[in-house]
Each structure stands twice: as structure tokens, then as C-alpha cells.
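Welcome, and please open your viewer. We will walk from stop to stop, with something to select at each one.

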Protein chains: 2
Amino acid sequence: MLHSVQDIDTSETLTERQQAVLDAALRLLVEEGDNLTMTAVARRASCSKETLYKWFGDRDGLLNATVQWQASKVRVAAVDRERLDIGSLTASLERFASDWLKVISSDTSIALNRVAVSHAGSGKDDLGAIVLQNGRFALARRLKPVLEAGRQAGLLDFEDAETAFRTFFGLVGRDVQIRLLLGDRVELTEATIGGDARRATQQFLALFGANNRLQSL
Amino acid sequence: MLHSVQDIDTSETLTERQQAVLDAALRLLVEEGDNLTMTAVARRASCSKETLYKWFGDRDGLLNATVQWQASKVRVAAVDRERLDIGSLTASLERFASDWLKVISSDTSIALNRVAVSHAGSGKDDLGAIVLQNGRFALARRLKPVLEAGRQAGLLDFEDAETAFRTFFGLVGRDVQIRLLLGDRVELTEATIGGDARRATQQFLALFGANNRLQSL
DNA sequence: GCCGAACCGTAACGTACGGTACGCATCGTC
DNA sequence: GACGATGCGTACCGTACGTTACGGTTCGGC
């Protein structure tokens, strides 16, 4: 019943009831962090512990399934590959930046990253890999085509899409995620997110827009 | 015996033996992560559990003292406020970037951040605040004077030092820290760190160097 | 209406670990 | 040389929690 990291689409193997149980576990994970107990999950989900163990094997299996379940829910719509001008490219980048900031500042993302980070130490499970795959790497997979298209259209200039992406990632995220994970109260209203997304996008365009001599950096 | 977050200089209240014990605890923390046991620490430090409890109160106290102890060791020499031209400014920034990358990619930093992140959920202690104070905020305190001096000298142009710092922070760190914390194997040799430091510095200067029209971003 | 499967609620078991108590060695002080 | 203090090693206690077992209930299939 264990799923590998690559096995993303867990949705068809889960019954309605199981999804409900995982939702309950997820909510509890957000509230309690890693120190949730099997008893608490069972109570919250109104199911028996025996069922929990039958379905998910053991505690790690439950956590694994919960993280994968949440991961399967955040699949985001890819950007439409329509006409690409500087305006639509800017809009796309801002959209990505804004979405990403919303994700990493959400309660569930913080909770999931926290538990994944703490489990990453003693490698009993691949929570870290799962979160990474559905977070940072999923973002890269979705953003890189846009960057490539921007280069194709002569709007962007860079050598390596990976490097360009990582710069964008840094400009958007800055210190936000680590501060949030460490418990710092970061003020992230809808407005500041929009402003940060615009700023990061403009900075990225300043560095990688065509007609600049900085693309080799 | 508990120290507040502000109380940084714990060095004078610790005997040699206590420091040795904390060093042992630190080494164990790097190896075992948060699931180190008091018995293991006692065995590693060749001391009794009773001594551990007498000195540090309880498990959280020991963790707290360990983190503070490591924090007190990474106090770095401030940059010399000599003649400031574009060359020395660039060198300073590259130095900061390189040092920071070395810190966040070190085993002890990863371990400490991991335990601080996991404890940040249920706020029993301030490990997150301590790590943040001696990491990201200490860096800001040491870097901002350099940025201000650069602005004073007409080399940099920015409105808010905090914003400029956060951009630099993002350009340097990018996705490195979160990937490391989540267990991703990031190749960080001496050479790549040097290259990344140079790249980040050049990008920062491109965005905030004088004679640019991007400072309002 | 009956049967078996699935599942709920809960009690019980085993263990790991935080915290405490005690015996003994070492050592500086008088 | 006696002695109190400090600290090591270890045995012990209490508890929380993962895991298992079991009785009772619902429900689909015949």
C-alpha cells in the first residue's frame, strides 16, 4: 500500500471515506504539527485505529498518505500557451510569483514543510522528497516552459533555464519561507503579496530581459 | 538557568566541562537529529543524566543551551570600514554571500535549523527565534551597514535597506536552504559557492547599483 | 431473514524515553 | 587522613503513545 515518490496520482486508489480520513489527518497536522497521535486522528476522523492501521500500515504510512493526498490537491492549471508578448509574460510571471507566495505562506504548506523537514533528518520516509517534488520542482516544471517560450519570443535572454528559474525563485521567496518555518510572524496580506510578486517580476526582467547584458550571470 | 532570546553571550556562564557537554550534544544533534535521547547525550558526553538535568533543567533546556552555544560560536568578524570603492564593496558582498552559503550548507546549520523548524510548531521554546536571530537577522545586522556605506559613497541606490537586504538574501540563497532542509542533495563545492557568490553579487549590483533605474522596485 | 465483511469504539499491551534516586569514585580543603 | 562537594554510572518510575486485539454494529448480497 506504500506509494513511491514518483507515484503521484494516488487519487484513484482512495475511496471517498479514505480521503475524508486523510483530510481529517491533514487538518490535525496543521493544528498539532508532527506530534499528532494516532488516537487523535482516529477520533477526529471518527474511525477506528484498527482501520487506520489496516489502510495505511503504520504511522509513517499515514503521514505519507496525508502528504501525498495534499500534494495531489495542489495540482495547478498550467499557463495557457497563447500569444506571448511582454505584457502576457509579465502577467504570467507575476501570477506564478503570487501563487507561490500564497502557497508557501499557507498554514497547510507550513505544517507540511515542517513535518517533512523534521523527518528529513532520519531517512525513514521520503516526506522531504515528496514535498520537494510537489513544491519547488513542480514550480520549476511549470515555469520553465514559460521561460523558454519567453526566450523563443525574444523577450528573455538566458543560458540555462534552471539557473534563471532559481534566480526567479530566490527573488520571489527571499527569506519568507525560512522565516515562516522558523515561526516568525511575517505580514503577508493579499496586497503585500501582489506587491512582492510585481517587484520580483520586474527585478527578474531587469536581470534576464532581452537587451540586457546580464544574462550570463 | 533558562536564557532568553536576547541573552546571547552565554559563554561566560559556562564552564569548560559544560561547553564540552554541549559540544557533544551538538555533535549528536547533527548525527541523530531531534530524536536524540538524554541517555545518548549523557553517554556521548561521558556524564550522568543527573548532571544534565542539574545543569540544563530539562530536555528543552539542553536543546536551548546547545543551540545558543553553537550560535555564540559563529559570531563573525564584521567587515572593516575602510576605504569603500566599487571593488571593495563587491568584495565585501561576495564575502558575505560566500560565508552565508557556507553556513547554510554546513551540517550543523542544517541540523539546527531542522530541530528549530520542528519545534517552531508547538511553541514550547524559542529555538526558531534563536536560530533566526543568529542566522538571517544577524546577517542583516552585519550587512546593512555595508549597504548604507555603499549608498553613502554613491555606489548603491535604494530606498529601504531592509528591502535591499532581502533581495540580496534571496539572490544568494535561492532554493538552497529549503532543499537542504528537505533532504535534497545539493552539490555545493567550494568552487560553486564562489561562483554563486559572484553571480549573486553581480545581480544585486545590477539591480541596486547607482546609475540604474530599478532602485524603486 | 441470514451471513460475512467492513468498520467503529475501546480496552489492553509493549516499549521507549523523560525524569529521579541512589551508590560510589574523585578531589580540593582543612 | 577526614570530609563535603561534585559528578559518574545505573537502576528505577511514570507516562505517553504506537500497535494490537476484541466485542458490537451496520450493510450489501443471497
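Through which surface do the copies meet? They meet through the same surface, because 100% of the interface residues of chain B are also interface residues in chain A. Before you click, note that this is a predicted model, in which local features need pLDDT of at least 70, side-chain atom pairs count only at pLDDT 80 or more, and totals for chains, interfaces and linings use all residues. Residues are numbered from 1 along each chain as its sequence is written, while chains are lettered from A and ligands numbered from 1 in the order in which they are written.

Next, colour the contact between the chains, where two residues are in contact if their C-beta atoms, placed from the backbone, lie within 7 Å. The contact takes 38 residues from chain B and 38 residues from chain A. On the chain B side, helix 6 (107–121), helix 7 (127–152), helix 8 (161–173), helix 9 (176–181) and helix 10 (190–208) each supply at least two residues.

**Stop 1: helix 8 of chain B.** Zoom in on this helix. Its buried residues include B:Phe165, B:Phe168, B:Phe169 and B:Gly170. What do the buried residues of helix 8 of chain B pack against? Their partners are helix 8 and helix 10 of chain A, together with helix 5 (86–104), helix 7, helix 9 and helix 10 of chain B. Just after the helix, B:Arg174 takes a positive phi of about 45°.

**Stop 2: the DNA.** Show DNA strand D and the 18 residues that surround it, each with its C-beta atom, placed from the backbone, within 6 Å of the strand. The closest are A:Thr37, A:Asp58, B:Cys47, B:Ser48 and B:Thr51. Then switch to DNA strand C, which 17 residues surround, the closest being A:Cys47, A:Ser48, A:Thr51, B:Asp58 and B:Arg59. Helix 3 of chain A, together with helix 2 (38–45) and helix 3 of chain B, are the elements that give two or more residues to the surface near DNA strand C.

**Stop 3: A:Ala42.** Finish by selecting A:Ala42, found in helix 2 of chain A. Is A:Ala42 buried or partly exposed? It counts as partly exposed, because it has 19 C-beta neighbours inside 10 Å. Leaving out residues up to four places away in sequence, A:Ala42 touches A:Cys47, A:Ser48, A:Lys49 and A:Leu52. A:Ala42 and A:Leu52 are ten residues apart in sequence, and their C-alpha atoms are 7.2 Å apart in space.

How values were computed: Helix = DSSP H or I, 4+ residues; strand = E, 2+ residues; numbered from the N terminus. Buried ≥ 20, exposed ≤ 12 C-beta atoms within 10 Å, placed from the backbone.
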